Amino acid sequence: MKKILGFGAIALGVLVPALGLAGFKQGQSVVIVDNSDGSGFANADMASAHNSTDTFQYIGCTVAGSASGASASCISRALDGRSRSCFTTNANMIQAAANIDSDGYLIFNWNASGQCTSISAANGSYLQPKR
């Protein structure tokens, strides 16, 4: 009986940590890239920005609609304090912004006028959730 309990304890000690580490996960803090022509992009794993220990980082998009039309704006702030945003009334980008999951990955690009030129989001098991 002692051998069975001893083996069970060893098996449990080996399997439980392995289960806790199962599956690939990645995280990315907010990155902002400014191009010389005034365009650029920002991207991040939204949960990583949320879970960060600093009080600076954020990234996200807001979608709004009214009788006169719809729009989306995306905002970000990196650890170095730089903030960037963009605005669009393009229906395809509004739909992309509306489908962003709060635990997803977001990248948005803008031109020199601050207009969004693309908004993309990804959701997957490889992204870490908010804590």
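From the N terminus on, the elements of the protein follow the order α-β-β-α-β-β-β-α-β-β. That order comprises three helices and seven strands, where helices (H or I, at least four residues) and strands (E, at least two) are DSSP runs numbered from the N terminus. The model is predicted, so local features need pLDDT of at least 70 and side-chain atom pairs count only at pLDDT 80 or more, while totals for chains, interfaces and linings use all residues. Residues are numbered from 1 along each chain as its sequence is written, and side-chain values use heavy atoms, with hydrogens and water left out.

**The whole chain**

Begin with the entire protein in view. Of its 131 residues, 27% are buried; buried means under 20% relative accessible area, exposed over 50%, and partly exposed in between, with a 1.4 Å probe and protein chains only. A contact means heavy atoms within 4.5 Å. Among contacts between residues at least 6 apart in sequence, 53% join residues at least 24 apart.

**First stop: the open sheet**

Select strands S3, S4 and S5. These three strands form an open sheet in the order S3-S4-S5, with antiparallel pairing; two strands pair if DSSP finds at least two bridges between them. The edges are strand S3 (58–66) and strand S5 (83–88), each of which pairs on one side only. On average, neighbouring strands of this sheet are turned by 10° against each other, direction ignored. For this angle, axes are lines fitted to C-alpha atoms, for helices over the stretch in contact, and angles run from 0 to 180 degrees between N-to-C directions.

Next, display the pairing of S4 with S5, which is antiparallel and has six bridges. Here Ser-73 has Phe-87 in S5 as its bridge partner.

Remain on strand S4 and select Ile-75, which is placed there. Is Ile-75 buried, partly exposed or exposed? Its relative accessibility is 41%, so Ile-75 counts as partly exposed. Leaving aside neighbours within four places in sequence, Ile-75 is in contact with Tyr-58, Ile-59, Gly-60, Arg-84, Ser-85 and Phe-108. The C-alpha atoms of Ile-75 and Thr-62 are separated by 8.5 Å, and the two residues are 13 apart along the chain.

**Second stop: strands S2, S6 and S7**

Now select S2 and S6. They run antiparallel and are joined by six bridges; Phe-41 stands opposite Asn-109 in S6. Asn-109 has Ser-118 in S7 as its bridge partner.

S6 and S7 form a hairpin with five residues between them, and in the turn Gly-114 has a positive phi of about 85°.

On strand S7, select Ala-121. With a relative accessible area of 40%, Ala-121 is partly exposed. Its contacts, leaving aside neighbours within four places in sequence, are Ile-100 and Tyr-105. The C-alpha atoms of Ala-121 and Phe-108 are separated by 8.6 Å.

Return to strand S2 and select Asn-43. Its relative accessibility is 7%, so Asn-43 counts as buried. With which side chains does the side chain of Asn-43 make a polar contact? One is Gln-28, at 3.1 Å, and another is Tyr-105, at 2.6 Å. A polar contact is a pair of N or O atoms within 3.5 Å; within protein, one must be able to donate a hydrogen and the other to accept it, and residues adjacent in sequence count only if both atoms are side-chain atoms. Not counting residues up to four places away in sequence, Asn-43 also touches residues including Ser-29, Val-30, Ile-59 and Leu-106.

In soluble globular proteins, nonpolar side chains tend to be buried together. Select the largest nonpolar core, which has 20 residues; those with the most contacts inside it are Val-30, Ile-59, Leu-106, Phe-108 and Ile-119. Such a core is a set of buried Ala, Val, Leu, Ile, Met, Phe, Trp, Tyr and Cys residues joined through side-chain atoms within 4.5 Å.

Centre the view on Leu-106. Beyond its neighbours within four places in sequence, Leu-106 is in contact with residues including Ala-42, Met-46, Cys-61 and Ser-120.

**Last stop: the aromatic pair**

The structure holds one aromatic pair. The ring centres of Phe-108 and Trp-110 are 5.7 Å apart and the planes stand at 45°, so the pair is tilted. Rings of Phe, Tyr and Trp (its six-membered ring) pair if their centres lie within 6.5 Å; planes under 30 degrees apart count as stacked, over 60 as edge-to-face and the rest as tilted. Both Phe-108 and Trp-110 are buried.
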